[in-house]
Amino acid sequence: MPGLWFEEFEIGKVYSHSITRTVTEMDNMMFSCLTMNPQPLHIDRHFSARTEWGQPLMNSLFTLGLMIGISVNELTLGTTIANLGMTDVKFPAPLFQGDTVNVTTEVIAKRESKSRPEAGIVDFHHKAFKQDGTLVAECRRQAFMRKRPA
């Protein structure tokens, strides 16, 4: 299913995305290694066992990417030009291996592009929750979106 065109976004609309994802040890190890992040909180089970978490934390940048990625199929697949920025990124609770993530996205603003008449800017507020409803991540994202072709 293609993403939405700029004109189709409604301010205030909240999308509860249908895709969910259980995060794994392999996700954590691979992402941390690919991004050259040797933080033992993510990749060393014995080190993590001695922390207040008692187990490895999922890499927060993986969590951020997963949260936004889950929204792509229903919102921006093939209709985005670029991400313009992410702000107010927060991780209010830990995400652990074996947790299942679900995501909501609210359209919080939109405006026509001043420099490109075939595009507009949409502001999203993404939220990721684990299976028990605990908020584990959120951010605001600005996306440069295509208008419907004439």
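Biologist: Threonine 63: buried or exposed?
Modeller: Threonine 63 is buried, because its relative accessible area is 5%, and the cut-off for buried is under 20%. Keep in mind that this is a predicted model.

Biologist: Where does threonine 63 lie?
Modeller: Threonine 63 lies in helix 4.

Biologist: And what does threonine 63 touch?
Modeller: Leaving out residues up to four places away in sequence, threonine 63 touches Met58, Phe91, Leu95 and Ala137.

Biologist: Take Leu95 from that list. What does leucine 95 touch?
Modeller: Leucine 95 touches Val23, Leu57, Met58, Thr63, Val101, Lys130 and Val136, again not counting residues up to four places away in sequence.

Biologist: Which residues have the most contacts inside the largest nonpolar core?
Modeller: They are Val23, Leu66, Met67, Leu95, Val101, Val103 and Ala128. The core as a whole has 16 residues.

Biologist: Which elements give two or more residues to this core?
Modeller: Helix 4, strand 4 (100-112) and strand 6 (135-146) do. The largest share is that of helix 4, which gives six residues.

Biologist: Let me step back. How many helices and strands does the chain have?
Modeller: The chain has four helices and six strands. In sequence order the pattern is β-β-α-α-α-α-β-β-β-β.

Biologist: What does the C-alpha trace span?
Modeller: Along its principal axes the trace spans about 60 × 30 × 25 Å.

Biologist: How many of the 150 residues count as buried, as a percentage?
Modeller: Of the 150 residues, 39% count as buried. The chain exposes about 8100 Å², and 57% of that is supplied by carbon and sulfur atoms.

Biologist: What about contacts between residues at least 6 apart in sequence?
Modeller: Among those contacts, 71% join residues at least 24 apart.

Biologist: Give me a residue to look at. Where is threonine 105 found?
Modeller: Threonine 105 is found in strand 4. With a relative accessible area of 0%, threonine 105 is buried.

Biologist: What does threonine 105 touch?
Modeller: Not counting residues up to four places away in sequence, its contacts include Lys13, Val14, Tyr15, His17, Ser71 and Leu75. Phe124, His125 and His126 are also touched by threonine 105.

Biologist: And how many residues apart are threonine 105 and serine 16?
Modeller: Threonine 105 and serine 16 are 89 residues apart in sequence, while their C-alpha atoms are 6.7 Å apart in space.

Biologist: New topic, rings. How many aromatic pairs are found in the whole structure?
Modeller: The search finds two aromatic pairs. One is formed by phenylalanine 9 and phenylalanine 124, edge-to-face, at 5.4 Å centre to centre with 75° between the planes.

Biologist: Why does that angle count as edge-to-face?
Modeller: Planes over 60 degrees apart count as edge-to-face, and here there are 75° between them.

Biologist: Which parts of the chain does the pair link?
Modeller: Phenylalanine 9 is in the segment before strand 1 (14-16), and phenylalanine 124 is in strand 5 (residues 119-130), 115 residues apart. Phenylalanine 9 counts as buried at 2% relative accessibility, and phenylalanine 124 counts as buried at 0%.

Biologist: Which residues form the pair with 65° between the planes?
Modeller: Phenylalanine 31 and phenylalanine 62, also edge-to-face, at 5.7 Å centre to centre. Phenylalanine 31 is in helix 1 (residues 25-34) and phenylalanine 62 is in helix 4 (residues 60-75), 31 residues apart. Phenylalanine 31 is partly exposed at 23%, whereas phenylalanine 62 counts as buried at 12%.

Biologist: What lies over the face of phenylalanine 6?
Modeller: Lysine 110, at 4.5 Å from the ring centre.

Biologist: Back to helix 1. Which residues there are buried?
Modeller: In helix 1, Asp27, Asn28 and Ser32 are buried. Seen down the helix axis, the buried residues fall within an arc of 115°, so they line one face of helix 1. Met26 and Leu34, on the other side, are exposed.

Biologist: What covers the buried residues of helix 1?
Modeller: The cover includes strand 2 (21-22), helix 2 (40-43) and helix 4.

Biologist: Last one. Which residue with a positive phi follows helix 1?
Modeller: Methionine 36, with phi near 60°.

Key:
Residues numbered from 1 in each chain as written. Predicted model: local features only at pLDDT ≥ 70, side-chain atom pairs only at ≥ 80, totals over all residues. Heavy atoms only, no water. Phe/Tyr/Trp six-rings, centres within 6.5 Å; stacked < 30°, edge-to-face > 60°. Buried < 20%, exposed > 50% of the residue type's maximum accessible area, 1.4 Å probe, protein only. Lys NZ or Arg CZ within 6 Å of the ring centre and 35° of its normal. Arc of directions from axis to C-beta. Contact = heavy atoms within 4.5 Å. Areas by Shrake-Rupley, 256 points an atom, 1.4 Å probe, with all protein chains shown as cover. Core = buried A, V, L, I, M, F, W, Y, C linked by side-chain atoms within 4.5 Å.
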